[in-house]
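Subject: Structure for your review

Dear colleague,

Please find the sequence and structure below. My notes on the findings follow.

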Amino acid sequence: MKNYIKYLLAGIFFGIVLIKSEVVSWFRIQEMFRFDSFHMYGIIGLGVVVAMISIQVIKRKNIKDMEGNAITIPPKDPKQVTRYIVGGTLFGFGWALTGACPGPLFSLAGAGYSIMIVPILSALAGTWVYGKIRPSLPH
């Protein structure tokens, strides 16, 4: 149960950071897709740099997860590049249409934007459909 409290507190903190940094702002997201502002590109770029540094620290220090298991990152299969392009394109379309990527949907709903229930339910439905058709997909 303790881990759930940690995850809940981390999620609440992350949601507050998303709201305060305006990453979940529909206007900021539209500025990004119109190339009108550097704000979102700066935050995404900073996230990429932090992830790169974190992965190197994890690899060099042999850091374990909370349960003591080794953290491993499997290599990507270069033959599967098409699926990444298709998936990224669908993700981008959804992001542009809703003005929110999946991560902040709950933060937006928690901040009082009840309309975000529609993309949350749509994301859940899409995940369910993927689970059903996954065995017949070419991967």
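For the charges, Lys and Arg count as positive and Asp and Glu as negative, while His and the chain ends are not counted; each charge is placed at NZ of Lys, CZ of Arg, CG of Asp or CD of Glu. On this basis the protein has 14 positive and 6 negative charges, and their mean positions lie 9 Å apart.

This is a predicted model, in which local features need pLDDT of at least 70 and side-chain atom pairs count only at pLDDT 80 or more, whereas totals for chains, interfaces and linings use all residues. Residues are numbered from 1 along each chain as its sequence is written, and side-chain values use heavy atoms, with hydrogens and water left out.

The protein has six helices and zero strands (DSSP runs of H or I with at least four residues, and of E with at least two, numbered from the N terminus). Its C-alpha atoms fill a box of roughly 40 × 40 × 35 Å along the principal axes. Of the contacts (heavy atoms within 4.5 Å) with a separation of 6 or more, 38% join residues 24 or more positions apart.

Of the 139 residues, 15% count as buried (under 20% relative accessible area, with exposed over 50% and partly exposed in between; 1.4 Å probe, protein chains only). Ile5, in helix H1 (residues 2–20), counts as partly exposed because its relative accessibility is 41%.

Kind regards
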